[in-house]
Amino acid sequence: MCADQLKRIVRTGTVLLFISLFVSGVAQAMPAIQHWTTENGAGVYFVPAPELPMVDVRVVFAAGSSHDAALPGLAGLTNGLLDQGAAGLSADAIAERLDGLGAQLGSGSLRDMAWVSLRSLNDAEHFDPAVDLMVKVLSQPDFNPQDIDRERERTLVALRQSEQQPDDIAEYHYFKALYGQHPYASRPIGTEASLKRITRGDIKAFHDNYYVAANATIAIVGDIDRPGAERLARRLSAALPAGKPAAPLPVVEPLTKASEEHVFHPSTQTHVMMGAPGISRTDPDFFPLYVGNYILGGGGLVSRLNEEIREKRGLSYSVSSAFLPMAQAGPFTLGLQTRNDQLDEALRVLRETLQRFHDQGPTEKELVAAKKNITGGFALRIDSNSKIVEYLAVIGFYGLPLDYLETFNDKVMAVTREQVRDAFRRRVHPDLMATVIVGGNQ
Amino acid sequence: MRLALSAMLLACSQTLLAAGTVHEYQLENGLKLVVKEDHRAPVVVSQVWYKVGSSYEHGGITGLSHMLEHMMFQGTKNHAPGEFSRIIAENGGEENAFTSQDYTAYYQRLEKDRLPVSFELEADRMRNLLLQQKEYDKELKVVMEERRLRTEDQPTSLTYEQFAAVAFTTSSYRNPTIGWMNDLENMRLEDLQGWYKRWYAPNNAVVVVVGDVVPEDVLKLAKKYFEPLKPETIIPPKPRREPEQEGPRRITVQVPAEVPYLLMGYKAPVLKSAGEDWEPYALEVLSGILDGGDGARLTRNVVRGAQVAASAGAGYDLYDRQEGLFLLDGTPANSTSMQTLEAALHEQVKQLQDAPVTDEELARVKAQVVASNVYQKDSIMGQAMQIGQLESVGLDWSLMDEYVARINAVTAAQVQAVARKYLVEERQTVAVLKPLPMDAAHKPHPSLPGDQTHVR
């Protein structure tokens, strides 16, 4: 495991912090999404995939760190504790049963959402007991004091580890600079003071409030028929109280002035993150901004930023820009890393490249190339069950239309140069951006 | 138990039907083509694997294979620098490349009808790379930035790099794949030109195609694009076989960091080097007993039970080209010393030597292997990777079809036997990351201003 991670080197790996799940496309290969709502209010999204004898299930809640309120780290700690003891079964007992079934139970949380996922063989001997464990973990976590203490300690170690990573440090300061008092400013992993303060009561209350059917989206993909999927969704949902959907997050205030923050870190490179609050999932400017960003810095090795920073000058291994659409305005971010003494040059080229694109927009040739990539690569983005189940969860969670994928390519093709330039001028303000600089030379 | 087992076997046979079979071809110039059908989605992954990587290098030229990988995107007689990536992008494709100890590989993921685009470009850069000074100078800077990003500024990666250089004396597995910084600084364009000519030839390459394709059509395409290429005389690298290790080795790595880290490795045979070919499979099971799932021993006993580690893991790769390492690693819990963590990991090793693993544990590892074998088929990229990794180290791709049966045949006694034979002090290397303060006094470049962490 560690060996694999340490031995191999991948060439291009651009900054993956800001991947958007929705990268593109027309649903040429995707069967229609089946959608219904369970009796107590969970939205279900289902795509049958009978080719492999397995099922993927993903249950998503509006229970990310933006709901931490005064206790940063609460959402993450709650999510991490779900499978550490449930319905009287110990963490060991749950893990051993899952291992013995060859089932893979996963969980995680971001700023907007938290989830629990299951991948299992689909025959009844494997699937039924695996789902039974998933139901217990979702609905009856025990939150034993000794498990809370252990997971709290482990999270504190992870927090300290992130303090030795320049990219993590930059991200922390960057979100603070962009979001101020908004819940998105809160660090998902939490703070030392907050993690030490969180009680069992806080965790229990968080679970009671947010892990409820009306706040849940259930995504199912695999070798299971419609009646089977309905039974599965009912089983998962019925175990949860009906509850209420999470209250909507406050609207994000735009930045009113530029800022630049330097944080010392004893590294050989300086990491730069620059940007501002961007767009939400349902923003009407999504398509022109998405297509435009592909040209500016989203298109991997062929973007303008990559050309100027890496291909022409060799200043950075990885440079990119991205919109991360969220429930409220997620960040629009440009990022790179460079040898400490090259910071000024890298920053200058980064800003000039953004400014030029902002002022002039793309060329016709660039726009055509971008559309060819985005629309021509659609099939790749839904070529596995694991990718499809993530798409379904996002469609359900953000309330996107069921034909979102089918109409995606048409909307991309309809984008004009003028629309891109207009959207960038209205929505991206190079003179009102926060810049966070982390490294060893300042 | 019997019922469950028959269900597993059923699951396997269904999977084989769904995933299609593997077809293998050899072109006249020695290029090997392996095609696997997967008709679930109208896509294809195309990969070219070259039998060269950092374990083919020697002191002074480390990083050459990886640098050449970068230069493969920097222009040929027929395509300008960067054009490769532009053409793939305009075809809706996604591409990348990677270098390891044992191989260098390039891939494109494309809509199925675009396979000729991949073959045309890959065949071109297999023999026609230009390797020009201007692109070389710039790309070397990029690789140095990559080294800073992935190694210099990553305390655990830095620890692994130093660890490998001590664990192996003569074996080329001591070389960092990205190369030592000083070797990068002294690399020359002529070194790359020689390396390219020596290893980039059809008879040193394997093309792997997985996806919604007809094997005979792929063969026709391969003949059209790759068969005109001339083969090279390939002289294999010297074996540089590692001498017997005569006792434990230990290093300390002191760099600015927040959290300590422990890495332990034991020299262990791999499928290619093993006298007894059941041993690597027993080591795989051993790795599963320690770290296969959240119910495995390291998490159960060390993280949750004794609570001396915040995390702990085990790693072993039976498909390495040369004798490798069985690895254990761990991060201590907040109040735990490194001595306590190390003792706890040793205790786990000792338990494996003293008593056979239980039937239940063995059954859990095997159940996961059987299920994973199904799950892996959800990714066409993953399926292609398996074939390419095996073929590029000189193993037959069909070994992947044997894997489940070979794991199922491993007994508790065999697991205990490999623990006793290989996880022993004489074969061990330990590296300890000892954090230095993260303040300015310990920054890597002493010539820089020495002020404290500050925000402005």
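**Reading the sheet and domains of chain A**

Student: How many bridges join strand 10 of chain A to strand 14 of chain A?

Tutor: Six bridges join strand 10 to strand 14 (residues 434–439) of chain A, and the two run parallel. Strands here are DSSP runs of E, at least two residues long; helices are runs of H or I, at least four long, and both are numbered from the N terminus. Two strands pair if DSSP finds at least two bridges between them. H262(A) stands opposite I437(A) in strand 14 of chain A.

Student: What should I know about the model and its numbering?

Tutor: This is a predicted model: local features need pLDDT of at least 70, side-chain atom pairs count only at pLDDT 80 or more, and totals for chains, interfaces and linings use all residues. Residues are numbered from 1 along each chain as its sequence is written, while chains are lettered from A and ligands numbered from 1 in the order written.

Student: What is the strand order in the open sheet?

Tutor: Its five strands follow 10-14-11-13-12 in chain A, with mixed pairing. The edges are strand 10 (259–264) and strand 12 (319–323) of chain A, each pairing on one side only.

Student: Which domains make up chain A?

Tutor: Domain bounds come from an automatic or database assignment. Here they give domain 1 (29–238) and domain 2 (259–439) of chain A. Contact means that C-beta atoms, placed from the backbone, lie within 7 Å. The contact takes 28 residues from domain 1 of chain A and 31 from domain 2 of chain A. On the domain 1 side, helix 6 of chain A gives the most, with nine residues.

Notes. Contact = placed C-beta atoms within 7 Å.
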